[in-house]
Every structure is written in structure tokens, then in C-alpha cells.
Amino acid sequence: MTDTTPELACPIAPVVDIVFSRWTTPILWALKEYGRQRFGELADRITTITPKVLTQRLRQLERDGLVVRTYHAEVPPRVEYEISELGRSLGPLFASLSEWSANLQKVAAARAAYDARG
């Protein structure tokens with residue numbers, strides 16, 4: 001028997017922490033779908049995210065290697081973001097989750113049944 005707790009032993013927990021934080025999936029989806037973008041373009045596409053949070057998430061995604069930030073030394077300076085190869089490697093995972101989303105109606109029905117009991 002091991003002394004490791006389930007939350008530490010679960011091999012997908014670190015993946016979930018990286019990939020499924022609140023704004024990661026919309027940012028990666030926008031970069032995959034529309035290609036390289038400037039900060040303002042991303043902010044226009046993800047209208048419910050604040051500039052502060054978008055900045056924080058982009059920095060974290062860059063740190064994690066999922067996003068590439070390119071600085072162009074121009075006047076005015078220009079910064080662009082794009083999904084990295086590592087970020088693109090999440091495609092099959094996202095495709096599987098997209099397929100599973102067909103079950104959301106079953107989840108809604110299960111919730112309604114549960115709530116009706118209470």
C-alpha cells in the first residue's frame with residue numbers, strides 16, 4: 001500500500017491543472033482557430049475576459065510552453081501570440097472532449113432528476 005494520497009497519485013491531475021484552468025481553453029482555441037494574434041484581437045474574441053486576466057493567462061501559457069509570444073521591435077512595439085507545437089499537441093484531447101460534449105444533455109437530465117428529489 002502506498003502513502004500517496006489520491007490527488008497526488010492521479011496521473012492526469014497535473015494535466016487538468018495546466019489545461020483546464022478557467023481561460024486556457026478559450027485562449028488556445030482562439031489561437032488555434034484564428035492563428036497568430038495581437039493582444040487586442042484576442043481580447044475582442046474572448047469578450048468576457050478582463051485585460052488583466054488575459055495578460056496573466058497568456059504569461060502562464062507562455063511559461064508552460066503552450067503559447068509563443070513574439071515581440072516586434074517597431075514603433076509602436078507589436079506583440080503577437082500563437083499556439084506552440086506543444087499547445088497544438090492538445091488537439092486530440094480537445095477533440096475527444098468535444099465528442100463527449102454530446103453527453104451534456106444526459107448530465108442536464110441527471111441534474112434535473114437529482115434536484116427534483118430534493
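Which residues are exposed on the other side of helix 5? They are K52, R59 and R63.

1. Basis. This is a predicted model, in which local features need pLDDT of at least 70, side-chain atom pairs count only at pLDDT 80 or more, and totals for chains, interfaces and linings use all residues. Residues are numbered from 1 along each chain as its sequence is written, and side-chain values use heavy atoms, with hydrogens and water left out.

2. Length of helix 5. Helices are DSSP runs of H or I with at least four residues, strands are runs of E with at least two, and both are numbered from the N terminus. Helix 5 covers residues 51-63. Its 13 residues should span 18 Å at 1.5 Å a residue, and its end C-alpha atoms are 18 Å apart, so the two agree. The expected span is 1.5 Å times one less than the number of residues.

3. L54, R57, L58 and L61 are its buried residues. They cover an arc of only 100 degrees around the axis, so they sit on the same side of helix 5. The arc is taken from the directions from the helix axis to the C-beta atoms. Buried means under 20% relative accessible area, exposed over 50%, and partly exposed in between (1.4 Å probe, protein chains only). An α-helix has 3.6 residues a turn, so residues three or four places apart point the same way.

4. Neighbours of helix 5. Its buried residues pack against helix 2 (13-19), helix 3, helix 4 (39-45), strand 2 (67-72) and strand 3 (78-83). Contact here means heavy atoms within 4.5 Å. G65 follows helix 5 and has a positive phi, near 85 degrees.

5. Largest pocket. Its volume is about 150 Å³. T25, P26, W29, K32, E33, G91, F94 and A95 line this pocket. Helix 3 (24-34) and helix 7 (91-100) are the elements that give two or more residues to the lining. Helix 3 gives the largest share, five residues.

6. Cavity. The whole structure holds one cavity of 30 Å³ or more. The largest cavity has about 40 Å³ of space. Its lining is L28, K32, I83, G87, R88, L90, G91 and F94.

7. Terms for the spaces. On a 1 Å grid over the protein atoms alone, a cavity is a set of points where a 1.4 Å probe fits but cannot get out; a pocket is an open set with protein on both sides within 12 Å along at least five of seven lines; lining residues have an atom within 4 Å of a point. Points are joined across faces, edges and corners, and a volume is the space filled by probe spheres set on them.
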